[in-house]
Amino acid sequence: MPSKEIIEKSEKELFKLMFPVSSPVVKEACEILSDLIKIDTTNPPGNETPAAEYCKRLLEKEGFENIEIIESEPRRGSIICRWKGSDSNAKSLLLLAHLDVVPADPTNWERDPFCGDITDQYIWGRGALDCKGILVPELMAAVYLKREGYNPKGDIVLCFTADEEAGGELGVGYLIKNHFDKVNVDYVINEGGGFLLPFGKDSKDYVAQIGEKGVAETKIRVKGIGGHGSMPLKPDDNALYVLSKVIQRIAKFKPPIEIQDSIKETAKKISLPGIVKKILTSKRLIRPALNLAGKLFKQPLSKLIIPLVSDILNPTLLNAGKKVNVIPQYAEMTFDCRILPGHDRETIKGYLRKALGKKLFNKIEIIPIEPTQLATINSSKDLFYDLIEEIMNEMHSGANIVPMLSSGSCDTKFFRSKGIYCLGFIPLRLDPNMSFSEFIELEHGTGERMWIPNLSYGIEFCLRLIKRF
Ligand SMILES: [Zn+2]
């Protein structure tokens, strides 16, 4: 493990930072993050209000005004703090992060998932990265500037919300629907990007999330003939046999590759040889080439890239039968389905028709679960994008910001769907003790922890962003 001294030395040489890991601001940020991790906001049930209240107390102590906690349901609070700018015509910026976290099963954790332990290099616990570890740099940068007596030109809005991990309807979704004036801004920065791509030790390619795939959770129901478990039934009359055929066919089906503008923008900007850029934008070559390269370089390349050029269908839930001696009348399978920009439920229906064939397709009923969330995307061609690149270049000489569609979904979609320009970007460097694949498994995984130098990096970035905005 590199010692603190080595980290500080490399920071001095490589990154021109105001806040080395031992500075009081970073120490304070570590404690705030630790406190927030200790407030269990596992969603479900969420219970974000105590975390929102913690942030409110802190902001009030620092002299911020216009702070409000809005609950969509009891204990499902989101906090908005509008730091008024001096010029009402200047552009406004909202720094977004969510307060809730995904569940953590303590049996698989080295430490209690809600311990918030601060060790030599890490702050441990659920939410350390996703997303309390993004919230803290945003908060700390504003606090630091307020203490300095800084007055922003345009409004700066801090917005820390409930329910992101369950789709966001009770958090940002609720705010946009019911209190849009309070969160209406020109630009939004959020989680979803900022990490360094794993191109060797000297990688300078940081990902900026310019869009999110859509979500179309779907249930398939197969109807059979119920009966007594002691009697024989033709396999085609047993819903479970039919459903198992359906699952097998879906497993073999590969949704088609589609080269959209977003992957073209990614390929154009990414620091990879021309041949690789060609492969990334080749409908025919991308799948086999990624499989091969993934094996050669031992990196999960297909897992990362294929979702950017294709819809993804993954069966996740099964439901059939209530009693061992009763043949069920229904069998159901639910699958997670992530769709590219421009796609919708009709696209999924088309896939199922193709994968199952006419006969099997006619035996299924397709049931949408949640309302479809269409993909949202903005281009990388914007002054805000250029500003992020400029700031990153000051912090990390040669930094190259690569636009990318996100295979997942977060709260930014609600703002994008209102036509607001959004980027997922809070910079994170790769912890030298970790491989890239280990790092990406930490979010929602076991042993989630924030590498303290990344906390200092995030504060520095947010501070420069607010100041230069
Ligand atoms: Zn998150």
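A crossing of two helices is left-handed if the near helix is turned anticlockwise from the far one by less than a right angle, and right-handed if clockwise. In this structure, helix H4 passes helix H16 in a right-handed crossing. The model is predicted: local features need pLDDT of at least 70, side-chain atom pairs count only at pLDDT 80 or more, and totals for chains, interfaces and linings use all residues. Residues are numbered from 1 along each chain as its sequence is written.

**Overall form**

- The chain holds 16 helices and 18 strands; these are DSSP runs, numbered from the N terminus, with helices (H or I) of at least four residues and strands (E) of at least two.
- A compact globule of 469 residues would have a radius of gyration near 23 Å, and the chain agrees with this, having 24 Å.
- That radius is taken over C-alpha atoms, and the globule rule is 2.2 Å times the number of residues to the power 0.38.
- Along the principal axes, the C-alpha atoms of the chain fill a box of roughly 80 × 55 × 45 Å.

**Two domains**

- Domain 1 covers 4–211 + 375–468, and domain 2 covers 215–368; the bounds come from an automatic or database domain assignment.
- Their C-alpha centres lie 32 Å apart.
- Domain 1 gives 18 residues to the contact and domain 2 gives 15, where two residues are in contact if their C-beta atoms, placed from the backbone, lie within 7 Å.
- On the side of domain 1 that touches domain 2, the elements giving two or more residues are strand E7 (205–212), strand E16 (400–406) and helix H15 (436–442).
- E16 supplies the largest share of that side, 5 residues.
- By class, that side of domain 1 has 10 nonpolar, 6 polar and 2 charged residues.
- Ala, Val, Leu, Ile, Met, Phe, Trp, Tyr, Cys and Pro count as nonpolar, Asp, Glu, Lys and Arg as charged, and the others, Gly among them, as polar.

**Helix H4 against helix H16**

- Two packed helices are described by the angle between their axes and the distance between the axes.
- The axes of H4 (residues 132–147) and H16 (residues 452–468) come within 8 Å and cross at roughly 50°; axes are lines fitted to C-alpha atoms, for helices over the stretch in contact, and angles run from 0 to 180 degrees between N-to-C directions.
- H4 is therefore oblique to H16: angles under 35 degrees count as roughly parallel, over 145 as roughly antiparallel, 65 to 115 as roughly perpendicular and the rest as oblique.
- Residues of H4 in the contact include Val136, Met140 and Tyr144, and those of H16 include Leu455, Ile459 and Leu463.
- The contact of H4 with H16 divides into 12 nonpolar, 2 polar and 2 charged residues.

**Helix H7 against helix H12**

- H7 (residues 239–252) and H12 (residues 345–361) have axes that come within 8 Å and cross at roughly 155°, so the two helices are roughly antiparallel.
- Lys245, Val246, Arg249 and Ile250 of H7 meet Ala355, Leu356 and Leu360 of H12.
- The contact of H7 with H12 has 5 nonpolar, no polar and 2 charged residues.

**Backbone details**

- Asparagine 43 and proline 44 are joined by a cis peptide bond, with omega about 0°; proline 44 sits in the loop between helix H2 (24–38) and helix H3 (49–61).
- Asparagine 47 is found in the loop between H2 and H3, and its phi is near 50°, a positive value in a residue other than glycine.
- A cis peptide bond also joins aspartate 130 and cysteine 131, with omega about 10°; cysteine 131 lies in the loop between strand E4 (122–124) and H4.
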